[in-house]
Amino acid sequence: MVLVRKSTKHGSNVSPSYSSRAMSESIPKFQMPEEEISPTTAYRLIHDELMLDGNSRLNLATFVTTWMEPEAEALMGENFDKNMIDKDEYPQTAKIEERCVNILSHLYHAPQSGAGTSTLGSSEAVMLAGLAFKWKWREKMKSRGLPQDNPNLVLGSNVQVVWEKFCRYWDVEPRYVTMTKDRYVIDPEGVLAQVDENTIGVVAILGTTFTGEYEPIEAIHDALVKHNESSGWEIPLHIDAASGGFVAPFLHPDLKWDFQLPQVKSINVSGHKYGLVYPGVGWVLWRDYDELPEDLIFHVNYLGGDMPTFTLNFSRPGNQVLAQYYNFIRLGFNGYKRIMESLQQTAINLAKQLESTGHFAIINNGATIPVISFRVKDNVGFDAYELSDALRRFGWQVPAYTMPANIQDISILRIVVREGFSRDMADSLVEDINRSISRFQGEETVVQSMFSH
């Protein structure tokens, strides 16, 4: 949500230095101008103002894709006007969406292909998966004559905020498995300590936002299956693969995390992260159609045909779905594998260079998803926030943040290695980190010299 205050003071108008060539007067910032201006002038006004944004290629905070091939950009540009909901008007776009769902179902070893949908991102996908869990739990409790008014969801305190939103918006109690100073992911013991007959599901993450680590999904799954057998409960498992879903199949093919595990009922993944598509597109997939309650599917008679739909949004762009399909057929399995291997090697090499400075403790070296997380060692003359701020002077955006509840006294930094971040750029980043460290040490020397006199 953006809050805008009405202003009539100095600075409330847009008035570029070259405006006299195309504009006779400035235009207001916070209300619609009275008269129209030329398209070229409007473009220049906004284009130049956006130069104040950071360089997206140097934004190492974001997971989202910041580079695509020109052919993909052209394809997206040609299809900006297509509404994904209008399947009768754009039947081929709808068929391509179905192909993408089937491709991902196959990639994730689903026993039944096609149970899924595109979304605006993993945030919408998470909401849909959570709703399916709640509806399935409610049906089960109703059939057994049990109360249905106290559902809970078991998840780590390291989850992305959208899971907290789901619990709050849909009246589900979140039960958190807390982190410890030597464990930044959930574990089977912590999960089993939280579940009960009112648990609608358990969430495990393939590539956490905080550190990039994989949670021990197979171990959690096996413990949950054993617990279900002894308790008579049927608690399902959802995998939040927003970051790792387009990495693990290519870098860790022997890792069991997806529908190969029978208690995994749904998976979300972000196409606009390591799926290599500009934002925003995500995907949610179910093990089979039985895991998707019919009550949640709406059949809409709109613009000429019956359209079954299970989304939170109605109108949404179709061009990102087309861009996802472009990547699937353009790269194929081996193309994705080659890109992910390259990103992983860049990340691992960068982590080694950081560790060699002697100032950092590496938490994740990029061997899982291509994300490096690290903390500044004690008593080195600077902290994570000071380093993050110093790197902004060189144009780099490297986020510093505290860990979740129970270990909030730990501050770390994170570097997301994406396509477009080259080995040369990684070397330049290390040089700028070393320059910053030298500056910190030089300032410390000056301060000590001042006090010594």
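This is a predicted model: local features need pLDDT of at least 70, side-chain atom pairs count only at pLDDT 80 or more; totals for chains, interfaces and linings use all residues.
Residues are numbered from 1 along each chain as its sequence is written, and side-chain values use heavy atoms, with hydrogens and water left out.

Helices here are DSSP runs of H or I with at least four residues, strands are runs of E with at least two, and both are numbered from the N terminus. H9 packs with helix H3 (residues 91-107) at an angle of about 50°, and the two axes are 9 Å apart. That makes H3 oblique to H9. (Angles under 35 degrees count as roughly parallel, over 145 as roughly antiparallel, 65 to 115 as roughly perpendicular and the rest as oblique; they run from 0 to 180 degrees between N-to-C directions, with axes fitted to C-alpha atoms, for helices over the stretch in contact.) The crossing of H3 and H9 is left-handed, meaning that the near helix is turned anticlockwise from the far one by less than a right angle, with clockwise giving right-handed. Contact is taken as heavy atoms within 4.5 Å. On the H3 side the contact includes Thr93, Ile96 and Arg99, and on the H9 side Val321, Tyr325 and Phe333 are among the partners. By class, this H3 contact with H9 has 10 nonpolar, 2 polar and 2 charged residues. (Ala, Val, Leu, Ile, Met, Phe, Trp, Tyr, Cys and Pro count as nonpolar, Asp, Glu, Lys and Arg as charged, and the others, Gly among them, as polar.)

Helix H2 (residues 70-78) also packs with H9, at about 150° and with axes 9 Å apart. That makes H2 roughly antiparallel to H9, and their crossing is right-handed. From H2, Glu71, Ala72, Leu75 and Met76 meet Asn319, Gln320, Leu322, Ala323 and Tyr326 of H9.

Next come the spaces. On a 1 Å grid over the protein atoms alone, a cavity is a set of points where a 1.4 Å probe fits but cannot get out; a pocket is an open set with protein on both sides within 12 Å along at least five of seven lines, and lining residues have an atom within 4 Å of a point. The largest pocket holds about 490 Å³. Of its 22 lining residues, Lys87, Gly114, Gly116, Thr117 and Pro308 lie nearest the centre. H3 gives the largest share of that lining, 5 residues, and strands E3 (116-119) and E11 (305-309) each supply at least two.

The whole structure has 2 cavities of 30 Å³ or more. The largest cavity has about 50 Å³ of space, and its lining includes Phe63, Trp67, Lys273 and Arg418.

Proline 279 and glycine 280 are joined by a cis peptide bond, with omega about 0°; glycine 280 sits in the loop between strand E8 (264-270) and strand E9 (282-286). Aspartate 171 has a positive phi, near 60°, in a residue other than glycine, and lies in the loop between helix H5 (161-169) and strand E5 (173-177).

Key. Grid points are joined across faces, edges and corners, and a volume is the space filled by probe spheres set on the points.
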